[in-house]
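Here are my notes on the model, as numbered points. Please read them with the coordinates open.

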Amino acid sequence: MTSSLFVESWPPQPVADRYRPLTLHALRRSSYWRRLPPDVQEALVVVSLIVPFCVGEYVLRELIDWDRIPDDPIFRMTFPHADMLDSEDYAALAELRRRKTDPGADVIAREVARIREGLGLRPAGSTAGSVPTLDGRPIHSLRHAYRETVRVAPAPAAGRWCHLYRTGSWRRGPFAGLPEARFQSCDVDDMVAYLKARSEVTEVTFAGGDPMMMRAEVLRRYVEPLLHNDLEHVRTIRIDTESPARWPQRFLTDRDTAEVLSIFAEVVRRRRHLVVMGDFSHPRELEPVVAQRAVRRIRSTGAEIRMRAPLLRGVNDDPAAWEALWKTGARTGMIPNDMYIERDAGPNGFFDVKLARAHEIFRQAYSRIPAAARTARGPSMSARPGEIRLLGESTLGGHRCFVLDFLRAKDPEWVRRPFFARFDPDATWFDDLQPAFAGQDFFFDDGLLHPHPESPPFDPQRVLTAQADGAGT
């Protein structure tokens, strides 16, 4: 299926420019280590015992401004920092490492386990109830949280990792050795059998690590069955990946680039909608020419490329950063998709942005971008009930409220139904919020406890009246 369309003008890539991941051990033997101040070196070594470290050399060479560390946004997003841990936990772990007499690996391991447990390196409930079954057997490699969409975790080890371990990502739970926090490897036959039995599924998303870490031949093994006539109901194939931002050579000069792009082109030729969802967290990731070329190369296959990113304090908690990101992305040919809040798992307190501030950042950035870029949505949170968007603030019955709705929900009838939460200036995640009016639950709370296939029709006036009446109780 390799097409000559993508083979021409693809010179072999110099060995030094191939994807090269650096773990802490490799970084300490590189020239980059000498550019780190001693306190940053110590913090990296200590905190990496809790949340593992890995970064691609492209990020180190092209994206980090070494004159600004440790405050450079890409550095802050990539490298572990001492403030990610409780000060007492950090001091205890650092002291164990500094002891001249060896404390023993088991002592350090117990301390690491204790600190990890306190961090909660696990997804924040959004996967509850989303593991599907096939013939009574749970398929742990799939997630079916929303009616039309199934998430698939590829099987090979290479498809389970990322180009860098972003310091705020909840995905560090799997990488930190917590098997209960990770997808299991997906068997292609299980995937196909489940999808054949679920005709309501129209979109398959490849996620769980970075699917573009897979070799082309393995990617083909998962994609080709989705193009067969017996899975005609699967109309959209989505690939969540960091590679356009953090390893753009994947689409330019890698060993199997031509075959990867040929797979993309075949998906489009077979009249499926192919979406490459790129993770771009800062406008600097779009500055290198290779990144812009990678976007154009993906689009040349007929695939659509969108961009999304988490809101991270000290990285992109500035309207100007999002304005530049969305404007540049739209000019490059991408579709701004969403600003989201990282799940409340792991050391995310280091990156937390108050929800009120998050909305103001989104609002200001959105007000400054052209219409072509106003496809962006947010700020959103993937919580247990679904993907919840913060629409803004309002006052109802004398109460200051957050106004929210669902972009996607466990029950499709909940989607785009506005609801209200009590304004909380310190809230950073949905679980921090309470219903706006005393004595009332969120309208979907009963549905989470007692799910039913069909919800009653939504009557906005009835909901507003009921909530206003509750304000006086």
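1. In which strand is arginine 238 found? The residue lies in strand 8, residues 236-241. Helices (H or I, at least four residues) and strands (E, at least two) are DSSP runs, numbered from the N terminus. Arginine 238 counts as buried because its relative accessibility is 15%. Buried means under 20% relative accessible area, exposed over 50%, and partly exposed in between (1.4 Å probe, protein chains only).

2. A word on the basis of these notes. This is a predicted model, in which local features need pLDDT of at least 70 and side-chain atom pairs count only at pLDDT 80 or more, while totals for chains, interfaces and linings use all residues. Residues are numbered from 1 along each chain as its sequence is written, and side-chain values use heavy atoms, with hydrogens and water left out.

3. Back to arginine 238. Its side chain makes a polar contact of 2.6 Å with the side chain of aspartate 240. A polar contact is a pair of N or O atoms within 3.5 Å; within protein, one must be able to donate a hydrogen and the other to accept it, and residues adjacent in sequence count only if both atoms are side-chain atoms. Leaving out residues up to four places away in sequence, arginine 238 touches Glu203, Val204, Thr205, Phe206, Val275, Met277 and Arg308. Contact means heavy atoms within 4.5 Å.

4. Valine 152 belongs to strand 6, residues 149-152. Is this residue buried or exposed? Valine 152 counts as buried because its relative accessibility is 0%. Its C-alpha is separated by 4.9 Å from that of phenylalanine 206, 54 residues apart along the chain. Not counting residues up to four places away in sequence, valine 152 touches Ser141, Leu142, Cys186, Met191, Val204, Thr205, Phe206 and Ala207.

5. Now the whole chain. It has 16 helices and 15 strands. Of its 473 residues, 56% are buried. Among contacts with a separation of 6 or more, 73% join residues 24 or more positions apart.

6. Helix 2 (residues 38-47) is mostly covered, with 7 of its 10 residues buried. These are Val40, Gln41, Ala43, Leu44, Val45, Val46 and Val47. They pack against helix 1 (24-28), helix 4 (73-78) and helix 5 (87-98).

7. Helix 13 (residues 319-332) has 14 residues. From first C-alpha to last it reaches 20 Å, close to the 20 Å expected at 1.5 Å a residue. The expected span is 1.5 Å times one less than the number of residues. Its buried residues include Trp322, Leu325, Trp326 and Gly329. An α-helix has 3.6 residues a turn, so residues three or four places apart point the same way. The cover over the buried residues of helix 13 includes helix 12 (289-300), strand 10 (304-310), strand 11 (335-340) and helix 14 (355-368). Just after helix 13, glycine 333 takes a positive phi of about 110°.

8. The structure holds 26 aromatic pairs. Rings of Phe, Tyr and Trp (its six-membered ring) pair if their centres lie within 6.5 Å; planes under 30 degrees apart count as stacked, over 60 as edge-to-face and the rest as tilted. Phenylalanine 419 and phenylalanine 442 form an edge-to-face pair, 5.5 Å centre to centre with 75° between the planes. This pair links distant parts of the chain, 23 residues apart: phenylalanine 419 is in strand 15, phenylalanine 442 in the loop between strand 15 and helix 15 (445-449). Both phenylalanine 419 and phenylalanine 442 are buried.

9. Phenylalanine 430 and phenylalanine 444 form a tilted pair, 6.2 Å centre to centre with 40° between the planes. Phenylalanine 430 and phenylalanine 444 each lie in the loop between strand 15 and helix 15, so the pair ties together parts 14 residues apart in sequence. Both phenylalanine 430 and phenylalanine 444 are buried. One aromatic cluster is formed by Phe406, Trp414, Phe419, Phe430, Phe442, Phe443 and Phe444.

10. Proline 418 is in the loop between strand 14 (399-409) and strand 15 (419-422). Proline 418 is partly exposed because its relative accessible area is 30%. Its C-alpha is separated by 8.7 Å from that of leucine 391, 27 residues apart along the chain.
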